[in-house]
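Trainee: I would like to go through this structure with you, one topic at a time. Could you take my questions as they come?

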Amino acid sequence: MRSNLPLNALRAFEASARHLSFTRAAIELCVTQAAVSQQVRLLEERLNMVLFKRLPRGLAMTDEAQALFTVLTNAFSQIDTIFRQFEGGEYREVLTVAAVGTFAVGWLLPRIEKFKQEHPFIELRVQTNNNVVNLAAEGLDFAIRFGNGLWSSTHNEGLFEAPLTVLCSPETAQRLTTPADLFHEHLLRSYRADEWDSWFAAAGLEAERVSGSIFDSSRLMIETAIHTGGVALAPARMFTRELETSQLVQPFTIEITVGSYWLTWLKSKPITPAMEIFRDWIRQEVAI
């Protein structure tokens, strides 16, 4: 049977370790400095070890205290999370999804409100990344990535292909009659160096050396094309709003496929009810 945990002492220790000060911990906990010091001393007696070195100004944690602090920080964070899930008299399950910025802005965010209306008891949290993501370290349920789907530590479910095509401002498009005209333009590049080579090959041309600016996000590349007159190679499906409002033009129909968008989740992570709901929902949205 689990012995009674000294919760007040643990809370006093955690606050003191975070601030490295009994005084600031006391202010946070709305008690006296003496009360915090006494709780920490009781915890040290209970564990039979020294947790803090008392310095002229503040505190220094011992190695044992550092180990305890790490565990307590995670534990209190989890307690806070589950507590907030029950606020308002209703249980809310938190679901955290990371997505590459282009997908998040161009496809997912316009549909977020629909998901919330259909599933009000799931608190969906969306983060963006540049396709490099560690699901375990960042505490993610899902990550939506672009590529070939060959990530060994995750389940990888293809969502859809996103062929790349030439996109530019209407003013720039007026100068483009044939694909060869692009050789006279400022061609914006992604970190995948061979994309323009592949596009020119599809157009029946031998690519010249492309030395334009490099971007790690198609979204940023497109913003640059709109505002500076450069030419981007990007997935038109992610920029339908800009195309519909004539901020962007697709001057040629030539497209190349270099990857797809994938829904990924850890093989080591059990599927929760909220994860299953989101996975079914995004499958349905993709199929529309």
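**Working through the model**

Trainee: Before anything else, what kind of model is this?
Mentor: It is a predicted model.

Trainee: What does the UniProt annotation say about residues 5-62?
Mentor: The UniProt record, an unreviewed entry, annotates residues 5-62 as "domain: HTH lysR-type". In the model, that stretch is 62% helix and 10% strand. Its end C-alpha atoms lie 21 Å apart.

Trainee: Let us look at helix α1. How many residues does it have, and how far does it reach?
Mentor: Helix α1 covers residues 7-19, which gives it 13 residues. From the first C-alpha to the last it reaches 18 Å, close to the 18 Å expected at 1.5 Å a residue.

Trainee: Which residues of α1 are buried?
Mentor: They are A9, L10, A12, F13, E14, A15, S16 and A17.

Trainee: And what do those buried residues pack against?
Mentor: Their partners include three helices, namely α2 (22-29), α3 (33-47) and α4 (63-85). The strands β1 (52-54) and β2 (59-61) are also packed against by the buried residues of α1.

Trainee: How are R18 and E14 placed relative to each other in the helix?
Mentor: R18 and E14 are four residues apart in helix α1, so about one helical turn separates them. R18 is partly exposed, with a relative accessible area of 38%.

Trainee: With which other residue does R18 form a salt bridge?
Mentor: R18 forms a salt bridge with E28, and here the closest N and O atoms are 2.9 Å apart. This pair links distant parts of the chain, as R18 is in helix α1 and E28 in helix α2, 10 residues apart. E28 is partly exposed, at 32% relative accessible area.

Trainee: How many salt bridges does the structure hold?
Mentor: It holds 13. One of them joins the side chains of E242 and R219, at 2.7 Å from N to O. E242 lies in helix α10 (residues 240-244) and R219 in helix α9 (residues 218-228), so this pair ties together parts that are 23 residues apart in sequence.

Trainee: Are E242 and R219 buried or exposed?
Mentor: E242 is buried, with a relative accessible area of 7%. R219 is buried as well, at 13%. Elsewhere, salt bridges that share partners join R11, E14, R18 and E28 into one network.

Trainee: Now the backbone. What is the phi of L20?
Mentor: The phi of L20 is near 55°, a positive value in a residue other than glycine. L20 follows α1 and sits in the loop between α1 and α2. It is partly exposed, with a relative accessible area of 32%.

Trainee: What about C30? Where is it, and what is its phi?
Mentor: C30 is in the loop between α2 and α3. Its phi is positive, about 60°, although C30 is not a glycine. C30 is exposed, with a relative accessible area of 71%.

Trainee: Changing topic, which residues make the nonpolar surface patch?
Mentor: I79, I82, F83 and F86 make a nonpolar patch of about 430 Å². I79 belongs to helix α4, and it is exposed, with a relative accessible area of 52%.

Trainee: Let us finish with helix α8. What does E195 touch?
Mentor: Residues up to four places away in sequence aside, E195 touches L164, S190, L233, I256 and V258. E195 lies in helix α8 and counts as buried, at 5% relative accessibility.

Trainee: And where is A202, and what is it in contact with?
Mentor: A202 is also in helix α8, which covers residues 195-202. Leaving aside neighbours within four places in sequence, A202 is in contact with I254 and I256. At 46% relative accessibility, A202 counts as partly exposed.

Key
Residues are numbered from 1 along each chain as its sequence is written. This is a predicted model: local features need pLDDT of at least 70, side-chain atom pairs count only at pLDDT 80 or more; totals for chains, interfaces and linings use all residues. Side-chain values use heavy atoms; hydrogens and water are left out. Helices (H or I, at least four residues) and strands (E, at least two) are DSSP runs, numbered from the N terminus. The expected span of a helix is 1.5 Å times one less than its number of residues. Buried means under 20% relative accessible area, exposed over 50%, partly exposed in between (1.4 Å probe, protein chains only). Contact means heavy atoms within 4.5 Å. Patches are made of residues with over 30% relative accessible area and no salt bridge: like charges are joined within 9 Å, nonpolar side chains (Val, Leu, Ile, Met, Phe, Trp, Tyr) within 5 Å. Accessible areas come from the Shrake-Rupley method with a 1.4 Å probe; for residues, only the protein chains shown count as cover. A salt bridge is a side-chain nitrogen of Lys or Arg within 4 Å of a carboxyl oxygen of Asp or Glu. UniProt positions are given in the numbering used here, feature names are shortened, and annotations may be inferred rather than shown by experiment.
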